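This note is intended for a colleague who is meeting the structure for the first time. Please read the points below alongside the sequence and the model.

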Amino acid sequence: MEQTVESKYRFAYEQGRPIHGAYDEFSLRHPKMRLSQRAKIFSPFSALKGFEEAIDEKLQRYVCRRELNEEEQRRLDSTLALLYEKTKNLRVARDNRVRATAVYYLPCQDENHEAYGLRGSYETVSGVVWRVDPVLRRSIRIGDQEIEFADLAQLRLEESEEE
């Protein structure tokens, strides 16, 4: 005859909780947990570390690279030429401490995203311009960010507070 679950464990249920003495073997090996520690057991946690960030990356909208028209390109070239004069070498750049804001195109870095190699996003960086290299690297260094000329969409000089 089949026993029901209720009758199968009735004996254990009727026994109640085990009662241990203050100094018996079980109590010495398994001391009572303080209430403050016990609360930590039930605190929420993330079973998959980085999962939320991965989902957020997938939700990011990527756009195609925009080509600059002649007027925008001319304005960008003149700003780069002016910055080159003010940052010819590190000493001149340190003396002038010209601040600028650049908007540049950053291709999608996630190899698992559908936009990889096709689209990207436009980022903004502000800071002191340390170097403009129109010959070898064809890049500009603003703060600690190195940006190639081909990726620049906009470049603005910031007004200094001293003037």
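**Notes on the predicted model**

1. R131 counts as partly exposed, at 28% relative accessibility; the term covers values between buried (under 20% relative accessible area) and exposed (over 50%), with a 1.4 Å probe and protein chains only. The side chains of R131 and E146 meet in a salt bridge at 2.8 Å, N to O, where a salt bridge is a side-chain nitrogen of Lys or Arg within 4 Å of a carboxyl oxygen of Asp or Glu. R131 belongs to strand β2 and E146 to strand β4 (residues 145-148), so the pair ties together parts that are 15 residues apart in sequence. E146 is likewise partly exposed, with a relative accessible area of 28%.

2. On the basis of the note: this is a predicted model, in which local features need pLDDT of at least 70 and side-chain atom pairs count only at pLDDT 80 or more, while totals for chains, interfaces and linings use all residues. Residues are numbered from 1 along each chain as its sequence is written, and side-chain values use heavy atoms, with hydrogens and water left out.

3. The strands deserve attention next. Strand β1 (residues 99-107) pairs with strand β2 (residues 120-133) in the antiparallel sense over nine bridges; strands are DSSP runs of E with at least two residues, helices are runs of H or I with at least four, and both are numbered from the N terminus. Two strands count as paired if DSSP finds at least two bridges between them. Within this pairing, A102 stands opposite V125 in β2.

4. β2 also pairs with strand β3 (residues 139-142), in the antiparallel sense over four bridges. The bridge partner of R131 in β3 is R141. β2 and β3 form a hairpin with five residues between them, and R138 in the turn has a positive phi of about 50°.

5. Is S139 buried or exposed? S139, which lies in strand β3, is buried because its relative accessible area is 2%. A polar contact of 2.4 Å joins the side chains of S139 and E146; such a contact is a pair of N or O atoms within 3.5 Å, where, within protein, one must be able to donate a hydrogen and the other to accept it, and residues adjacent in sequence count only if both atoms are side-chain atoms. Not counting residues up to four places away in sequence, S139 touches R131, V132, D133, E146, I147, E148 and F149, contact meaning heavy atoms within 4.5 Å.

6. A search of the whole structure finds 11 salt bridges. One of them links R66 with E72, the closest N and O atoms being 3.4 Å apart. R66 is partly exposed at 46% relative accessibility, and E72 is partly exposed at 23%.

7. Another salt bridge joins E71 to R75, with the closest N and O atoms 3.7 Å apart. Both residues lie in helix α6 (residues 70-86), four residues apart, about one turn of the helix. E71 is partly exposed at 37% relative accessibility, as is R75 at 48%.

8. Finally, L48, F51, I55 and L59 form a nonpolar patch on the surface, with about 400 Å² of accessible area together. Patches consist of residues with over 30% relative accessible area and no salt bridge, like charges being joined within 9 Å and nonpolar side chains (Val, Leu, Ile, Met, Phe, Trp, Tyr) within 5 Å. Accessible areas come from the Shrake-Rupley method with a 1.4 Å probe, and for residues only the protein chains shown count as cover. L48 lies in the loop between α4 (35-41) and α5 (51-59) and is exposed, with a relative accessible area of 54%.
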